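Subject: The structure I promised you

Hi,

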Amino acid sequence: MKQTTKTLLTLSAATLICSSASAVSNWTGSVDGTWENAGNWTGGLPVIGDQSFIEGATNPDVTLSSAGFSRRILVDEGRTLFIADGGTLTTSGSVEVIGDNSIGFVVVQDGGTYNRTGTLDTRFAGSTVTVEDGGTFSLDGAWSSEGAGSGFIVSGSTASVTMGSVINNGAAGILTLNDSAGMTVTGNMDLGSTAAISIGAESTLNIGGLMSYGGAFSISSDTVLANGVYNLFNLTGTESGDFSSVTLSGAGYGDDALSLSSDVWTATVGSQDYSFSQITGDLTVVPEPGTYALIGGLLALGYVMVRHRA
């Protein structure tokens, strides 16, 4: 009886261990480039409990156009996962890695959706996740960037991106918001002193928790900005630290550097004064004083000429 009980306990423990281990399905693309074809995977079509490894330098890229599930994905060896119009990728589990031992990419296209429960790491240098105009990305945990030049890119005013937090792993990662893009971080944001942020002047990054400034900040515009106030960071929490540098970049500028004094970065470029406040997150553009004087002089001259004619 005791031997029977011991045997049953041993078998139960072994069953529990086996059932808790997730299966691995490796991408081959041997049939075509679609996620939905089970013949493209060594373990069949991935399910929510599986790990999906998209690798192989000679394998085709992957396109998901319907509902896809996995415990986590790993994209490596130069491969790209495209989440196309109508495609929704849902993953939940241990850390998701884009670019592990070599470069990897994920592109969420117009009409595509990427829902991630857990954390996401763009690890190898140059690896990126891109959310294009009309794409949707949701991450309830933290995004981290380890490889130099790896990062996250949001393009277009209709892209929807939400993250739980952004953390720094001591690497030169890059966060880029282009073309009036918006992005929301519900918790804290800390890219660290070696990272970089590039934001289009019409874009807004919403931060719900602590904003820890650090690294290089680039304000990008293809044209010279009109006078006004641009809300680059919408801070509903607190802020700390300083950027290591702030520059105006893009076709409208020549990487013009701003200077820091008491949480405010300033510069005069052409006929305009630029002021970025780390406290409010706003960029303010106004005519420089000489321009005001010139306008005042012209108005006074016009008034004198009118009086003289009268």
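Phe137 and Phe152 are both buried. Keep in mind that this is a predicted model.

A quick reminder before we look at one: a pair of aromatic rings is described by the distance of the centres and the angle of the planes. For Phe137 and Phe152, the ring centres are 4.9 Å apart and the planes sit at 65°, so this pair counts as edge-to-face, the cut-off being over 60 degrees. Phe137 is in strand β13 (residues 136–145) and Phe152 is in strand β14 (residues 151–155), so you're looking at a link between distant parts of the chain, 15 residues apart.

Now try Phe243 and Phe276. Their rings make a tilted pair, with 6.4 Å from centre to centre and 40° between the planes. Phe243 lies in the loop between β25 (239–241) and β26 (245–249), while Phe276 is in strand β30 (residues 272–277), so the pair ties together parts that are 33 residues apart in sequence. Are these two buried or exposed? Buried means under 20% relative accessible area. Phe243 has 3% relative accessibility, so it counts as buried. Phe276 is at 0%, so it counts as buried too. Both are also part of a cluster that ring pairs build from Tyr213, Phe217, Phe233, Phe243 and Phe276.

Next, the strands. Strands of a sheet pair through backbone hydrogen bonds, either parallel or antiparallel. Here you can find an open sheet of ten strands with mixed pairing, in the order β3-β6-β9-β12-β14-β16-β19-β22-β26-β27. At its edges are β3 (62–64) and β27 (256–257), each of which pairs on one side only. For a detail to zoom in on, take strand β6 (residues 80–83) and strand β9 (residues 105–108): they run parallel and are joined by four bridges. Leu81 stands opposite Val106 of β9.

Last stop, the pockets. What is the volume of the largest pocket? It is about 210 Å³. Its lining is made up of Asn178, Asp179, Ser180, Gly200, Ala201, Glu202, Ser220, Ser221, Asp222, Thr223 and Leu225. Sorted by type, the lining has two nonpolar, six polar and three charged residues.

Cheers

Methods: Residues numbered from 1 in each chain as written. Predicted model: local features only at pLDDT ≥ 70, side-chain atom pairs only at ≥ 80, totals over all residues. Heavy atoms only, no water. Phe/Tyr/Trp six-rings, centres within 6.5 Å; stacked < 30°, edge-to-face > 60°. Helix = DSSP H or I, 4+ residues; strand = E, 2+ residues; numbered from the N terminus. Buried < 20%, exposed > 50% of the residue type's maximum accessible area, 1.4 Å probe, protein only. Pairing = 2+ DSSP bridges. 1 Å grid on protein atoms, 1.4 Å probe; cavity = no way out; pocket = protein on both sides within 12 Å on 5 of 7 lines; lining within 4 Å. Points joined across faces, edges and corners; volume = space filled by probe spheres on them. Nonpolar A, V, L, I, M, F, W, Y, C, P; charged D, E, K, R; others polar.
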